[in-house]
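Look at the model below.

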Amino acid sequence: LIDTCIDQNVKKVVALSTDKASSPINLYGATKLASDKLFCAANSSYAYGHKTTFSIVRYGNVMGSRGSVIPLFTSLKDKGVLPITDNRMTRFMISLDQGAELVCHAFKDMVGGEIYVKKIPSMKVTEIAKVIAPLAKQKIIGIRPGEKLHEQMIGSDDSYSTFEYSTYYKILPQINEWEKDIARINNGVKVPEGFTYSSDNNKEWMTKSQLRSWIKANAKNIGII
């Protein structure tokens, strides 16, 4: 894909990443991390002359999408029991519109090699279950192989080149000293060393009433987003 975009003189490319690429614990996460590294390096690893710019946006499962827990709980809400892998589990909550907005922002802001991470709220999986099926029992079934207890968007190793903005974070590439490039940093503020951004240490949390309102407004699209 990188080669084709360069050959066809595509101006800008934004790759979609996932939380699984941050400190991956399974092969799928490792392939997404490799994808991030390839799209980042594509800005400098080719002979001078190509004009294609590559960047990445990173977020987890979109709320209500087939990969999220909301359609599963919705399909089981009348059975009286909902499966919960672990009662401590948390997840980031991002809507389809928010994901699209982040991609559009990346196209406008990108210089090349940046990873954009939007600031979004977290929620406990047990709270999601209570909103969807308040009368159902919750059965703990254990974490599946390769599943994380909490989602992580930015790991501590990335803190050395991560900058904070009003509505997002930006991980700058640690090649060619691009993490020191003023054009890429712009008005960003360097995060503290050792900083991580995960769904359990998040400063922003979605309330049950907020989720209930979102589900009501998006009911017809749940499971098909």
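Is Asn 176 exposed or buried? Asn 176 is exposed, because its relative accessible area is 52%. Buried means under 20% relative accessible area, exposed over 50%, and partly exposed in between, with a 1.4 Å probe and protein chains only.

This is a predicted model, in which local features need pLDDT of at least 70, side-chain atom pairs count only at pLDDT 80 or more, and totals for chains, interfaces and linings use all residues. Residues are numbered from 1 along each chain as its sequence is written, and side-chain values use heavy atoms, with hydrogens and water left out.

Most residues other than glycine have a negative phi.

Ser 23 counts as partly exposed because its relative accessibility is 44%. Helices (H or I, at least four residues) and strands (E, at least two) are DSSP runs, numbered from the N terminus.

**Helix 5 and its cover**

Helix 5 (125-132) comes next. Six of its eight residues are buried, so helix 5 is largely enclosed by the rest of the structure. The buried ones are Val 125, Thr 126, Ile 128, Ala 129, Val 131 and Ile 132. Their cover includes helix 3, strand 3, strand 4 (90-92), strand 6 (122-124), strand 7 (137-140) and helix 7. Contact here means heavy atoms within 4.5 Å.

Helix 3 (residues 69-76) has its own buried residues: Ile 70, Pro 71, Phe 73 and Leu 76. What covers them includes strand 3 (81-84), helix 5 and helix 7 (208-218).

**Helix 5 against helix 7**

How do these two helices cross? Their axes come within 10 Å and cross at roughly 55°. That angle makes helix 5 oblique to helix 7. Axes are lines fitted to C-alpha atoms, for helices over the stretch in contact, and angles run from 0 to 180 degrees between N-to-C directions. Angles under 35 degrees count as roughly parallel, over 145 as roughly antiparallel, 65 to 115 as roughly perpendicular, and the rest as oblique.

Which residues meet? From helix 5 come Glu 127, Ile 128, Lys 130, Val 131 and Ile 132. They meet Lys 208, Leu 211, Arg 212 and Ile 215 in helix 7.
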